Amino acid sequence: MTAAPSCAVHTEVIDGVLVATLDRPGGNKIDSRMSFELYTAWARLRDDPALFAGVVTGTGSGYFSAGWALASGSGGFAGVADFFRLSKPMIAAVNGLARGGGFELALMTDLIVAADHAEFVLPDPCGAVPLPERLSEEAVHGLCRTGRLTAAAAARCGVVHRVVPAGTELAAAVDLARSLGSAPGAAAAVKEIGLGAHRGDSSFD
């Protein structure tokens, strides 16, 4: 008998928060399967009234996601593009390197919580790769100069909401989601800010 393939995205619910964890060998690169599984997770978040926020993170401490695996995705890029109008906040808990499409996946969420060792990298800064409008002028300048932002630099630029010690980013993201859930007005305000940031149609790799 052929064993069933393991999931590329593991999901769990923590106090009303749906946590989706990327788990694919080779740096959590986003292929069509992972994209579909993320789409399925966010559809569950959309449709389940017991869930009030979503968190996406990666396994281990090396990679949040190393980028796009050059396969067409179901439900839009990484299953997120079709959910910009989702009424529930989405938070990225960036546990390591977010490169190319992994960086874009983090930017598609409403808020980013990053481990202090995390880095945000563009493989082709200010070349053929369009930069998303969410990035501030300072962030764009830093990326064009070096191709990367440390977690601290990303926080100074306003890309990252909070930097926390490595290994605590998921707990911090879930706590943030809980605080939003207990204050629906705050959640709505955060979501509105996120929607304002998601203009254009860029893709890193």
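Which residue in β8 is the bridge partner of Ala98? Keep that in mind; the tour returns to it.

**Before you start**

This is a predicted model, in which local features need pLDDT of at least 70 and side-chain atom pairs count only at pLDDT 80 or more, while totals for chains, interfaces and linings use all residues. Residues are numbered from 1 along each chain as its sequence is written, and side-chain values use heavy atoms, with hydrogens and water left out.

**The whole protein**

Show everything as a cartoon. The protein has six helices and 10 strands. Helices (H or I, at least four residues) and strands (E, at least two) are DSSP runs, numbered from the N terminus. Now colour by burial. Of the 205 residues, 50% are buried. Buried means under 20% relative accessible area, exposed means over 50%, and partly exposed lies in between (1.4 Å probe, protein chains only). Among contacts with a separation of 6 or more, 72% involve residues 24 or more positions apart. A contact means heavy atoms within 4.5 Å.

**Stop 1: β1 and β2**

Select residues 9–14, strand β1, and residues 17–22, strand β2. The two run antiparallel and are joined by six bridges. Two strands count as paired if DSSP finds at least two bridges between them. Glu12 stands opposite Val19 in β2. Go to the hairpin, where two residues lie between the strands. Asp15 takes a positive phi there, near 50 degrees.

Stay on β2. Six of its six residues are buried. Val17, Val19 and Thr21 point one way, and Leu18, Ala20 and Leu22 point the other way. In a regular strand the side chains alternate between the two faces of the sheet.

**Stop 2: across to β3**

Select residues 53–58, strand β3. β2 and β3 pair in the parallel sense over six bridges. Val19 stands opposite Val55 in β3. Follow the chain from β2 through α1 to β3: this β-α-β crossover is right-handed. The term means that, with the strands pointing away from the viewer, the path from the first strand over the helix to the second runs clockwise.

**Stop 3: Glu37 in α1**

Pick Glu37, in helix α1 (residues 32–47). Is Glu37 buried or exposed? Glu37 counts as buried, at 17% relative accessibility. Its side chain reaches the backbone nitrogen of Ala8 at 2.8 Å. A polar contact is a pair of N or O atoms within 3.5 Å; within protein, one must be able to donate a hydrogen and the other to accept it, and residues adjacent in sequence count only if both atoms are side-chain atoms. Leaving out residues up to four places away in sequence, Glu37 touches Cys7, Ala8 and Val9.

**Stop 4**

Select residues 90–94, strand β5. Five of its five residues are buried, so β5 is largely enclosed by the rest of the structure. Met90, Ala92 and Val94 point one way from β5, and Ile91 and Ala93 the other. Four bridges join β5 to β3, and the two run parallel. Val55 stands opposite Ile91. Ala93 stands opposite Val113 in β7.

**Stop 5: the four-stranded sheet**

Now find the open sheet with the order β4-β6-β8-β9 and mixed pairing. Its edge strands are β4 (63–65) and β9 (148–150), each pairing on one side only. Neighbouring strands here are turned by 20 degrees against each other on average, direction ignored.

Select β6, residues 97–99. β6 and β8 pair in the parallel sense over three bridges. Here is the opening answer: the bridge partner of Ala98 is Phe120. Helix α2 packs on the sheet, touching β4, β6 and β8, and its direction makes about 100 degrees with that of β6. Axes are lines fitted to C-alpha atoms, for helices over the stretch in contact, and angles run from 0 to 180 degrees between N-to-C directions. Helix α3 (residues 137–146) lies across β8 and β9, at about 120 degrees to β9.

**Last stop: Phe103 and Phe120**

Show both side chains. The count of aromatic pairs comes to one. Phe103 and Phe120 form this tilted pair, 5.3 Å centre to centre with 50 degrees between the planes. Rings of Phe, Tyr and Trp (its six-membered ring) pair if their centres lie within 6.5 Å; planes under 30 degrees apart count as stacked, over 60 as edge-to-face and the rest as tilted. Phe103 lies in α2 (residues 101–108) and Phe120 in β8 (residues 119–121), so the pair ties together parts that are 17 residues apart in sequence. Phe103 is buried at 0% relative accessibility. Phe120 is buried too, with a relative accessible area of 0%.
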